[in-house]
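Subject: Structure for your review

Dear colleague,

I would be grateful if you would read the notes after it alongside the model.

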Amino acid sequence: MSNRVVNILVPLISVILGLLVGGIIMVVSGYDAIEGYIALWNGIFGDSYSIGNTIRQITPYILAGLAVAFAFRTGLFNIGVEGQLLMGWLAAAYVGYAIEGLPRIIHLPLALLAAAAAGAFWAFIVGFLKAKLQVHEVIASIMLNYTALYLTNAAIKSLSDGSFKTPTVLASATLRNQWLREITDNSSLHLGIFVAIFMVVVMWFILEKTTRGYELKAVGFNKNAAEYAGMNVNRNIILAMTISGVFAGLGGAMEALGTYQNASIKAAASGIGFDGIAVALLGANNPIGVFFGASLFGSLKYGALNMPNAAGIPEEIVSIIIAVIILFVASGYILRVGLEKFGKKKEGK
(Lines give C-alpha, C1' and ligand atoms only; values in the text may rest on other atoms or scores of the structure.)
Protein backbone atom coordinates (compact mmCIF):
# COMPACT_ATOMS: atom_id res chain seq x y z
CA MET A 1 0.00 0.00 0.00
CA SER A 2 1.52 3.33 -1.09
CA ASN A 3 2.26 6.17 1.34
CA ARG A 4 -0.16 8.43 -0.52
CA VAL A 5 -3.03 5.98 -0.02
CA VAL A 6 -2.11 5.53 3.65
CA ASN A 7 -1.97 9.32 4.14
CA ILE A 8 -5.54 9.56 2.82
CA LEU A 9 -6.88 6.57 4.73
CA VAL A 10 -5.49 7.52 8.17
CA PRO A 11 -7.53 10.74 8.60
CA LEU A 12 -10.53 9.16 6.88
CA ILE A 13 -10.56 6.19 9.26
CA SER A 14 -9.98 8.60 12.17
CA VAL A 15 -13.10 10.55 11.22
CA ILE A 16 -15.20 7.40 10.89
CA LEU A 17 -13.97 6.07 14.25
CA GLY A 18 -14.60 9.48 15.83
CA LEU A 19 -18.19 9.51 14.58
CA LEU A 20 -18.73 5.93 15.81
CA VAL A 21 -17.37 6.74 19.26
CA GLY A 22 -19.48 9.91 19.29
CA GLY A 23 -22.57 7.81 18.53
CA ILE A 24 -21.72 5.43 21.37
CA ILE A 25 -21.31 8.38 23.74
CA MET A 26 -24.73 9.71 22.73
CA VAL A 27 -26.37 6.33 23.34
CA VAL A 28 -24.64 5.87 26.71
CA SER A 29 -25.71 9.41 27.68
CA GLY A 30 -29.32 8.55 26.91
CA TYR A 31 -29.67 10.30 23.54
CA ASP A 32 -30.74 8.99 20.17
CA ALA A 33 -27.54 8.88 18.09
CA ILE A 34 -29.36 8.60 14.76
CA GLU A 35 -31.56 11.58 15.57
CA GLY A 36 -28.47 13.47 16.73
CA TYR A 37 -26.56 12.89 13.51
CA ILE A 38 -29.62 13.76 11.42
CA ALA A 39 -29.83 17.06 13.32
CA LEU A 40 -26.10 17.60 12.75
CA TRP A 41 -26.49 16.88 9.03
CA ASN A 42 -29.45 19.21 8.69
CA GLY A 43 -27.56 21.89 10.58
CA ILE A 44 -24.84 21.69 7.94
CA PHE A 45 -26.71 20.90 4.71
CA GLY A 46 -30.40 21.34 5.64
CA ASP A 47 -30.98 24.37 3.43
CA SER A 48 -29.12 27.05 1.50
CA TYR A 49 -28.91 29.27 4.59
CA SER A 50 -27.19 26.52 6.59
CA ILE A 51 -24.82 25.73 3.72
CA GLY A 52 -23.86 29.40 3.40
CA ASN A 53 -23.15 29.77 7.10
CA THR A 54 -21.23 26.50 7.15
CA ILE A 55 -18.92 27.72 4.38
CA ARG A 56 -18.48 30.99 6.25
CA GLN A 57 -17.52 29.03 9.38
CA ILE A 58 -15.00 26.99 7.39
CA THR A 59 -13.23 30.04 5.90
CA PRO A 60 -11.09 31.23 8.87
CA TYR A 61 -10.31 27.62 9.80
CA ILE A 62 -8.67 27.11 6.41
CA LEU A 63 -6.33 30.06 6.95
CA ALA A 64 -5.58 29.19 10.58
CA GLY A 65 -4.83 25.61 9.53
CA LEU A 66 -2.55 26.81 6.73
CA ALA A 67 -0.66 29.01 9.22
CA VAL A 68 0.00 26.08 11.55
CA ALA A 69 0.73 23.65 8.70
CA PHE A 70 3.22 25.98 7.00
CA ALA A 71 5.19 26.33 10.22
CA PHE A 72 5.07 22.56 10.80
CA ARG A 73 6.37 21.88 7.29
CA THR A 74 9.35 24.14 8.03
CA GLY A 75 10.15 22.53 11.37
CA LEU A 76 8.42 25.08 13.61
CA PHE A 77 5.42 24.87 15.93
CA ASN A 78 3.44 28.08 15.57
CA ILE A 79 1.11 27.90 18.52
CA GLY A 80 0.71 31.69 18.30
CA VAL A 81 -1.73 31.67 15.38
CA GLU A 82 -4.46 32.92 17.73
CA GLY A 83 -2.53 36.08 18.57
CA GLN A 84 -1.52 36.68 14.96
CA LEU A 85 -5.13 36.25 13.90
CA LEU A 86 -6.29 38.82 16.46
CA MET A 87 -3.69 41.32 15.25
CA GLY A 88 -4.80 40.80 11.66
CA TRP A 89 -8.43 41.14 12.74
CA LEU A 90 -7.81 44.56 14.30
CA ALA A 91 -5.61 45.81 11.43
CA ALA A 92 -8.21 44.85 8.81
CA ALA A 93 -11.04 46.46 10.78
CA TYR A 94 -9.09 49.69 11.31
CA VAL A 95 -8.11 50.07 7.66
CA GLY A 96 -11.63 49.07 6.71
CA TYR A 97 -13.32 51.96 8.49
CA ALA A 98 -10.62 54.61 8.92
CA ILE A 99 -9.58 55.12 5.30
CA GLU A 100 -12.33 56.76 3.28
CA GLY A 101 -12.82 57.65 -0.35
CA LEU A 102 -11.14 54.64 -1.92
CA PRO A 103 -12.79 52.42 -4.53
CA ARG A 104 -13.44 48.86 -3.44
CA ILE A 105 -10.87 47.45 -5.86
CA ILE A 106 -8.20 49.29 -3.83
CA HIS A 107 -9.69 49.50 -0.35
CA LEU A 108 -10.51 45.81 0.11
CA PRO A 109 -7.06 44.52 -0.98
CA LEU A 110 -5.46 47.22 1.20
CA ALA A 111 -7.38 46.01 4.25
CA LEU A 112 -6.40 42.41 3.49
CA LEU A 113 -2.76 43.43 3.11
CA ALA A 114 -2.92 45.27 6.44
CA ALA A 115 -4.18 42.11 8.13
CA ALA A 116 -1.49 40.00 6.47
CA ALA A 117 1.21 42.49 7.52
CA ALA A 118 -0.03 42.62 11.12
CA GLY A 119 -0.08 38.83 11.41
CA ALA A 120 3.33 38.60 9.73
CA PHE A 121 4.85 41.14 12.13
CA TRP A 122 3.50 39.33 15.19
CA ALA A 123 4.92 36.03 13.92
CA PHE A 124 8.18 37.74 12.90
CA ILE A 125 8.80 38.53 16.57
CA VAL A 126 8.61 34.82 17.37
CA GLY A 127 10.92 33.90 14.49
CA PHE A 128 13.42 36.59 15.44
CA LEU A 129 13.55 35.46 19.07
CA LYS A 130 13.98 31.86 17.91
CA ALA A 131 16.73 32.63 15.39
CA LYS A 132 18.71 35.23 17.30
CA LEU A 133 18.19 34.39 20.97
CA GLN A 134 17.26 30.68 20.81
CA VAL A 135 13.92 31.35 22.54
CA HIS A 136 11.67 28.37 21.83
CA GLU A 137 8.86 29.35 19.49
CA VAL A 138 6.21 27.59 21.59
CA ILE A 139 7.00 29.68 24.68
CA ALA A 140 7.31 32.94 22.76
CA SER A 141 4.15 32.43 20.72
CA ILE A 142 2.04 31.41 23.73
CA MET A 143 3.04 34.56 25.59
CA LEU A 144 2.38 36.70 22.52
CA ASN A 145 -1.13 35.24 22.27
CA TYR A 146 -1.99 36.87 25.59
CA THR A 147 -0.15 40.03 24.63
CA ALA A 148 -2.15 40.26 21.41
CA LEU A 149 -5.45 39.69 23.22
CA TYR A 150 -4.94 42.48 25.74
CA LEU A 151 -3.22 44.80 23.29
CA THR A 152 -6.06 44.56 20.76
CA ASN A 153 -8.66 45.01 23.50
CA ALA A 154 -6.92 48.17 24.68
CA ALA A 155 -6.58 49.44 21.11
CA ILE A 156 -10.27 48.79 20.34
CA LYS A 157 -11.33 50.63 23.49
CA SER A 158 -9.15 53.57 22.50
CA LEU A 159 -10.22 53.65 18.84
CA SER A 160 -13.93 53.42 19.70
CA ASP A 161 -13.97 56.05 22.50
CA GLY A 162 -14.67 53.51 25.20
CA SER A 163 -17.06 51.29 23.25
CA PHE A 164 -16.60 47.52 23.06
CA LYS A 165 -16.19 47.47 19.27
CA THR A 166 -14.78 49.52 16.44
CA PRO A 167 -16.97 51.30 13.89
CA THR A 168 -18.34 49.14 11.08
CA VAL A 169 -16.05 48.77 8.08
CA LEU A 170 -17.01 50.76 5.01
CA ALA A 171 -18.82 49.14 2.09
CA SER A 172 -15.67 49.62 0.01
CA ALA A 173 -13.73 47.31 2.35
CA THR A 174 -16.28 44.60 3.07
CA LEU A 175 -16.01 40.99 1.94
CA ARG A 176 -19.78 40.68 1.95
CA ASN A 177 -21.40 40.13 -1.41
CA GLN A 178 -25.08 40.61 -2.13
CA TRP A 179 -25.27 37.82 -4.71
CA LEU A 180 -23.76 35.28 -2.32
CA ARG A 181 -26.20 36.35 0.38
CA GLU A 182 -29.16 36.07 -1.98
CA ILE A 183 -28.39 32.56 -3.21
CA THR A 184 -27.95 31.38 0.40
CA ASP A 185 -31.15 32.92 1.78
CA ASN A 186 -29.39 35.92 3.38
CA SER A 187 -26.72 33.87 5.18
CA SER A 188 -23.40 35.35 6.32
CA LEU A 189 -21.45 33.77 3.44
CA HIS A 190 -18.91 36.19 2.00
CA LEU A 191 -16.08 36.40 -0.52
CA GLY A 192 -13.51 35.28 2.03
CA ILE A 193 -13.88 31.65 0.97
CA PHE A 194 -12.25 32.53 -2.36
CA VAL A 195 -9.39 34.26 -0.55
CA ALA A 196 -8.91 31.15 1.59
CA ILE A 197 -8.89 28.82 -1.42
CA PHE A 198 -6.41 31.11 -3.18
CA MET A 199 -4.10 30.93 -0.15
CA VAL A 200 -4.28 27.12 -0.25
CA VAL A 201 -2.81 27.35 -3.76
CA VAL A 202 -0.24 29.92 -2.60
CA MET A 203 1.04 27.65 0.18
CA TRP A 204 1.26 24.67 -2.18
CA PHE A 205 3.14 26.76 -4.74
CA ILE A 206 5.62 28.16 -2.21
CA LEU A 207 6.49 24.80 -0.70
CA GLU A 208 6.43 22.64 -3.82
CA LYS A 209 7.41 24.90 -6.72
CA THR A 210 9.92 27.43 -5.40
CA THR A 211 13.57 27.25 -4.38
CA ARG A 212 12.80 29.21 -1.24
CA GLY A 213 10.16 26.68 -0.28
CA TYR A 214 12.67 23.87 -0.72
CA GLU A 215 15.09 25.70 1.56
CA LEU A 216 12.44 26.27 4.19
CA LYS A 217 11.54 22.58 4.22
CA ALA A 218 15.21 21.58 4.26
CA VAL A 219 15.91 23.76 7.30
CA GLY A 220 12.90 22.25 9.05
CA PHE A 221 13.93 18.70 8.19
CA ASN A 222 17.57 19.01 9.28
CA LYS A 223 18.93 22.36 10.38
CA ASN A 224 22.54 21.20 10.56
CA ALA A 225 22.52 19.63 7.11
CA ALA A 226 20.89 22.74 5.64
CA GLU A 227 23.55 24.95 7.21
CA TYR A 228 26.29 22.66 5.87
CA ALA A 229 24.73 23.02 2.41
CA GLY A 230 25.14 26.79 2.65
CA MET A 231 21.61 27.78 3.58
CA ASN A 232 21.05 30.69 5.97
CA VAL A 233 19.23 28.87 8.77
CA ASN A 234 18.36 31.90 10.89
CA ARG A 235 16.98 33.83 7.94
CA ASN A 236 14.82 30.90 6.91
CA ILE A 237 13.46 30.43 10.44
CA ILE A 238 12.39 34.08 10.55
CA LEU A 239 10.94 33.91 7.03
CA ALA A 240 8.99 30.71 7.77
CA MET A 241 7.37 32.21 10.86
CA THR A 242 6.61 35.44 9.03
CA ILE A 243 4.87 33.66 6.15
CA SER A 244 2.94 31.57 8.66
CA GLY A 245 1.79 34.82 10.25
CA VAL A 246 0.52 36.08 6.90
CA PHE A 247 -1.95 33.18 6.73
CA ALA A 248 -3.02 33.78 10.34
CA GLY A 249 -3.50 37.52 9.83
CA LEU A 250 -5.69 36.88 6.81
CA GLY A 251 -7.77 34.54 8.96
CA GLY A 252 -8.48 37.54 11.18
CA ALA A 253 -9.42 39.62 8.14
CA MET A 254 -12.12 37.09 7.27
CA GLU A 255 -13.82 37.87 10.57
CA ALA A 256 -13.23 41.62 10.47
CA LEU A 257 -14.25 42.26 6.87
CA GLY A 258 -16.66 39.41 6.32
CA THR A 259 -18.40 37.90 9.33
CA TYR A 260 -18.57 40.69 11.92
CA GLN A 261 -17.62 43.84 9.96
CA ASN A 262 -15.69 45.16 12.96
CA ALA A 263 -13.28 44.23 15.74
CA SER A 264 -14.66 43.85 19.26
CA ILE A 265 -13.23 43.48 22.75
CA LYS A 266 -12.89 39.81 23.72
CA ALA A 267 -12.94 38.27 27.17
CA ALA A 268 -10.94 35.31 25.87
CA ALA A 269 -9.32 33.98 22.73
CA SER A 270 -11.55 33.31 19.71
CA GLY A 271 -10.34 29.70 19.58
CA ILE A 272 -9.90 29.76 15.80
CA GLY A 273 -6.11 29.84 16.03
CA PHE A 274 -5.98 26.94 18.46
CA ASP A 275 -8.44 24.93 16.34
CA GLY A 276 -6.04 25.56 13.45
CA ILE A 277 -3.61 23.18 15.15
CA ALA A 278 -6.15 20.37 14.99
CA VAL A 279 -7.05 21.29 11.39
CA ALA A 280 -3.39 21.10 10.36
CA LEU A 281 -2.99 17.78 12.17
CA LEU A 282 -6.06 16.33 10.47
CA GLY A 283 -4.84 17.62 7.10
CA ALA A 284 -1.37 16.09 7.59
CA ASN A 285 0.13 19.61 7.14
CA ASN A 286 -0.73 19.44 3.47
CA PRO A 287 -2.54 22.49 2.01
CA ILE A 288 -5.20 20.36 0.30
CA GLY A 289 -5.54 18.26 3.43
CA VAL A 290 -5.94 21.44 5.49
CA PHE A 291 -8.81 22.50 3.22
CA PHE A 292 -10.67 19.24 3.90
CA GLY A 293 -9.74 19.28 7.59
CA ALA A 294 -11.10 22.82 7.94
CA SER A 295 -14.23 21.79 6.06
CA LEU A 296 -14.83 19.01 8.57
CA PHE A 297 -14.17 21.21 11.60
CA GLY A 298 -16.22 24.13 10.36
CA SER A 299 -19.10 21.87 9.40
CA LEU A 300 -19.15 20.10 12.76
CA LYS A 301 -18.88 23.39 14.66
CA TYR A 302 -21.78 25.02 12.83
CA GLY A 303 -23.93 21.90 12.51
CA ALA A 304 -23.63 21.32 16.25
CA LEU A 305 -25.71 24.44 16.86
CA ASN A 306 -28.75 22.60 15.48
CA MET A 307 -28.44 19.58 17.79
CA PRO A 308 -29.91 21.05 21.00
CA ASN A 309 -33.05 22.36 19.28
CA ALA A 310 -33.65 19.53 16.80
CA ALA A 311 -32.60 16.55 18.91
CA GLY A 312 -32.19 17.83 22.47
CA ILE A 313 -28.51 16.85 22.40
CA PRO A 314 -25.92 19.24 23.90
CA GLU A 315 -23.60 20.72 21.28
CA GLU A 316 -20.71 19.77 23.57
CA ILE A 317 -21.18 16.23 22.23
CA VAL A 318 -19.73 17.48 18.94
CA SER A 319 -16.72 18.84 20.83
CA ILE A 320 -16.21 15.33 22.20
CA ILE A 321 -16.48 13.88 18.68
CA ILE A 322 -13.88 16.37 17.42
CA ALA A 323 -11.60 15.52 20.34
CA VAL A 324 -11.89 11.80 19.60
CA ILE A 325 -11.13 12.40 15.91
CA ILE A 326 -8.00 14.35 16.90
CA LEU A 327 -7.04 11.53 19.27
CA PHE A 328 -7.25 8.96 16.47
CA VAL A 329 -5.33 11.25 14.10
CA ALA A 330 -2.65 11.77 16.74
CA SER A 331 -2.51 8.00 17.11
CA GLY A 332 -2.13 7.72 13.35
CA TYR A 333 1.09 5.73 13.68
CA ILE A 334 -0.90 2.75 14.97
CA LEU A 335 -3.39 3.05 12.11
CA ARG A 336 -0.54 3.49 9.64
CA VAL A 337 1.22 0.33 10.83
CA GLY A 338 -2.06 -1.60 10.66
CA LEU A 339 -2.79 -0.40 7.12
CA GLU A 340 0.72 -1.22 5.95
CA LYS A 341 0.50 -4.75 7.38
CA PHE A 342 -2.90 -5.18 5.75
CA GLY A 343 -1.45 -4.01 2.44
CA LYS A 344 1.47 -6.44 2.68
CA LYS A 345 -0.91 -9.32 3.40
CA LYS A 346 -2.93 -8.50 0.31
CA GLU A 347 0.21 -8.32 -1.80
CA GLY A 348 1.33 -11.66 -0.37
CA LYS A 349 -1.87 -13.27 -1.55
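This is a predicted model: local features need pLDDT of at least 70, side-chain atom pairs count only at pLDDT 80 or more; totals for chains, interfaces and linings use all residues.

Residues are numbered from 1 along each chain as its sequence is written, and side-chain values use heavy atoms, with hydrogens and water left out.

Pockets

The largest pocket holds about 880 Å³ of space (a pocket is an open set of points on a 1 Å grid over the protein atoms alone, with protein on both sides within 12 Å along at least five of seven lines; lining residues have an atom within 4 Å of a point; a volume is the space filled by probe spheres set on the points, which are joined across faces, edges and corners). It is lined by 25 residues, with P11, L282, G289, F292 and G293 the closest to its centre. Two or more lining residues come from each of α1 (3-28), α2 (33-45) and α13 (287-303) (helices are DSSP runs of H or I, at least four residues, numbered from the N terminus). Helix α13 gives the most, with 8 residues. By class, this lining has 16 nonpolar, 7 polar and 2 charged residues (Ala, Val, Leu, Ile, Met, Phe, Trp, Tyr, Cys and Pro count as nonpolar, Asp, Glu, Lys and Arg as charged, and the others, Gly among them, as polar).

The second largest pocket has a volume of about 430 Å³. Of its 23 lining residues, Q57, Y61, Y260, S270 and I272 lie nearest the centre. Its lining divides into 10 nonpolar, 6 polar and 7 charged residues, and α3 provides the largest share, 4 residues.

Cavity

The whole structure has 1 cavity of 30 Å³ or more (a cavity is a set of points where a 1.4 Å probe fits but cannot get out). The largest cavity has about 60 Å³ of space, and its lining includes W89, N153 and K266. Helix α6 gives the largest share of that lining, 4 residues.

Helix packing

Helices α9 (residues 211-221) and α11 (residues 233-259) pack at about 105°, with axes 10 Å apart (axes are lines fitted to C-alpha atoms over the stretch in contact, and angles run from 0 to 180 degrees between N-to-C directions). The pair is therefore roughly perpendicular (65 to 115 degrees).

Yours sincerely

Notes: Angles under 35 degrees count as roughly parallel, over 145 as roughly antiparallel, 65 to 115 as roughly perpendicular and the rest as oblique.
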